[in-house]
Every structure is written in structure tokens, then in C-alpha cells.
Amino acid sequence: MAARRTGRWVFPVLAAFFALSSFGLPAVDSHGEVGAAATDTPGTAVLAGLALDGLPAHPSVSTTQVYQGGAVRISVAAAATGSVTMLGRTAALLDGGQGTLVAILGVGTEDAVGPTPLRVDIVDRWGEAARFDVAVEVLQTQWTVDYIVLPPGVGGGLTAEIIQAEEDRLRAIYSGVTAVRWEGIWVAPVDLGLFPISGYFGEQRSFNGGPVSGHHGGTDIGSRAAGPSIEGAAVAATNAGVVVLAEEMAVRGNMVIVDHGGGVFSGYAHLQQLAVVAGQPVGKGQVLGHAGTTGLSTGPHLHWELAAGGVLVDGLRWLDGTQGF
Ligand SMILES: [Zn+2]
């Protein structure tokens, strides 16, 4: 094959090989697509992504099958900068320690089910660009449905404007990206053995006989369950980060939001009391407040939400290892 002598096809073959070996699945486009920069400079393309130890920079993803409401963690060793793109959303690859760049991409409740490309663009330490395309499949989540009757008086003071203002404020916070502070595994905010799940993420709801609509943006813990009341129970940070909000909200009541960096945030709502202030760094497992029933709530419970790249995702999937992290 004459084309090989030009070197033009060497990198695609290598890219396909390393991508396949990284993922262990036929998850890569069989053409081993490369970006324009690498393709247009065949003489150097084969070097693109080579690390100091001679191994090419290559991405690894935590899973290639992700549910609606799930998330994927991407890490790249031996790259200088980079970004990942999936479902029309792009996240920067940021320093995750130990010479690795990391990013977590969320999949929304309404994102399309089926095959979707995950594109990884990197620039190595010599300034060479490389691109990897990973085949990811979005799997359908069966959302639960709940019919909620709000007692008279509950939520009565809330207007559409107040609710929208709170949503807008949270959306603005969740769109932020700071240096990565999360590390290792993610932990539950309360003991889920003691306080069972009472409302799942993504649940569709009907209030007072109205139409079923929307998706619950978090996980409710400890309400309508047998066993001890969650009221007053300590609520802990699910990972390390910095408190970016600790105040009373109209819908979510007393709320704490922790910025874990890399576009990942966790929120803890309806708290009885706050134990932290905005701007305060917190460690994984540190107490943020105590569970209660403030805001739009019919009884003591913890509403725990998680956002990645501006997308609300199912926090429970971050606890059981099924996403590969
Ligand atoms: Zn909730």
C-alpha cells in the first residue's frame, strides 16, 4: 500500500489500535478517525500524542454504555490540554493529578437514546493535536412516576417567577467550571441503609392531579419511609470541594451547593440547619448541615442533586460503580 509510505495512514492505524486496546471493545470508528491537524501533517502525525515514556497519550472512558441521567468519566494520560464533546456539549479536560487530564460528561434525562460519538481532542506536550472518537451508546432509563398531593398551604406563596428565578440561579451556578477538587470515589450524603431512597432522580410528577411532567432533578432520601426520621441527621459532602451556596431558597429551602471542580456540583436541599458558609472548602464526608423540611417540602427529607457540565444527573449512579467510577 503506497499510502503507508507517506505516513498518512500510520497514525490512524495506531489510533485505532490504542483506542481499541484502551476500551477493550469495538468502540472506536473502524477508520480510527483523526483530526485535521494530524491528517494534514503526515510526517509528524505518528508522533502526535507520544508521551515521554514513548507511550502515546490515549483516552480512556469509564464506560461506553451510559444511561439517560448517567455520566461518563474521561481521562487522558500524557496530554497537555484537551476537551471532550458528546451530545453537543463540550467540557475541558482538566488536571486530575498524577499527570492525567480528566472530565466528566453528564447525559440528560431527555438526551436521545442510541449510539452517540464521544470526541476527545487533545494537544500533547509538544503541541501536536490528536483526536479520538469513541462510540458510546446512550441507554434508555425507565422513569418512575409519582402523583403528589400538596397539602393546602404548601407552596402557596410560590409564583412561577420565584420558581424560575431559583432555576435560573442554579443553572448559572451549575454552568461554572473550576479546578478539579473531587477525588476517588463518591460517597452518599447520608447513610442510605438507615434512610432509604424515597424519590428517584428523573421521576416524573403530577402535582394535585395535574399532568405528569418534568423530571425530578435529584434524589429524595428519608421521607415516607419506615425507620428513624431523617430530621436532624447530619448531611455530608459527597466529595471534596468548595461551598458556593449556603442559604435559604424559596423552593429548596435551606440549601448547600458544593463545587467539586471540573463542572461537577452537588446540592443538598430542605436542610433544617446549615453548618457551612459560602466560600468554605470542604472535605469528602464533611458535615454541611442537618436534614429538615424547609422550602417546598411536605415532610423531613433530603433532596440531593448532582450536576455535571450543567446537566443534572442521577447521583445514585455515582455511588454503585456501575458507571466505572
Ligand atoms: Zn427532591
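1. **Confidence.** pLDDT is the predictor's confidence in each residue, on a scale from 0 to 100. This is a predicted model, so local features are given only at pLDDT of at least 70 and side-chain atom pairs only at pLDDT 80 or more, while totals for chains, interfaces and linings use all residues. Residues are numbered from 1 along each chain as its sequence is written. The protein averages a pLDDT of 83. A score of at least 70 is reached by 82% of the residues. Residues 1-53 are another matter: pLDDT stays under 50 there. The model still has 87 contacts beyond four places in sequence for that stretch. Two residues are in contact if their C-beta atoms, placed from the backbone, lie within 7 Å.

2. **Overall make-up.** The protein has 21 strands and five helices. Both are DSSP runs numbered from the N terminus: helices are H or I with at least four residues, strands are E with at least two. Of the 325 residues, 38% are buried. Buried means 20 or more other C-beta atoms within 10 Å of the residue's own; exposed means 12 or fewer; partly exposed lies in between; C-beta atoms are placed from the backbone. Among contacts with a separation of 6 or more, 67% join residues 24 or more positions apart.

3. Two strands pair if DSSP finds at least two bridges between them.

4. β4 (residues 81-86) is antiparallel to β5, over four bridges. V84 stands opposite A91 in β5. β4 also pairs with β8 (residues 114-123), antiparallel, through six bridges. T81 has V123 of β8 as its bridge partner. β8 and β9 (residues 129-139) run antiparallel and are joined by 10 bridges. P115 is bridged to E137 in β9. These two strands form a hairpin with five residues between them. In the turn, G127 has a positive phi of about 85 degrees.

5. **Four-stranded sheet.** A second open sheet has the order β1-β3-β7-β6, with antiparallel pairing. Its edges are β1 (59-61) and β6 (94-95), each with a single partner strand, so one side of each is left without a neighbour in the sheet. β3 (residues 71-77) and β7 (residues 100-106) are antiparallel and share seven bridges. S75 stands opposite V102 in β7.

6. **Core.** Which residues have the most contacts inside the largest nonpolar core? They are I74, V84, L105, V256, Y268 and A308, in a core of 63 residues. Domain 1 (2-139) and domain 2 (145-318) both contribute residues, so this core lies between them. The domain bounds come from an automatic or database domain assignment. A nonpolar core is a set of buried Ala, Val, Leu, Ile, Met, Phe, Trp, Tyr and Cys residues joined through C-beta atoms within 7 Å. I74 is worth a look. Apart from neighbours within four places in sequence, I74 contacts P59, V61, V84, V102, A103, L105 and V120.

7. **Strand β19.** β19 (residues 287-291) pairs with β14 (residues 234-236) in the antiparallel sense, over three bridges. Three bridges also join β19 to β17 (residues 264-274), again antiparallel. H290 of β19 stands opposite A234, and H290 is also the bridge partner of Q273.

8. G156 sits in the loop between β10 (145-148) and α5 (160-174). G156 counts as exposed because it has 9 C-beta neighbours inside 10 Å. Its C-alpha atom is 9.3 Å from that of L296, 140 residues apart along the chain. A165 belongs to helix α5. A165 counts as partly exposed because it has 14 C-beta neighbours inside 10 Å. The C-alpha atoms of A165 and A250 are separated by 9.5 Å, with the two residues 85 apart along the chain.
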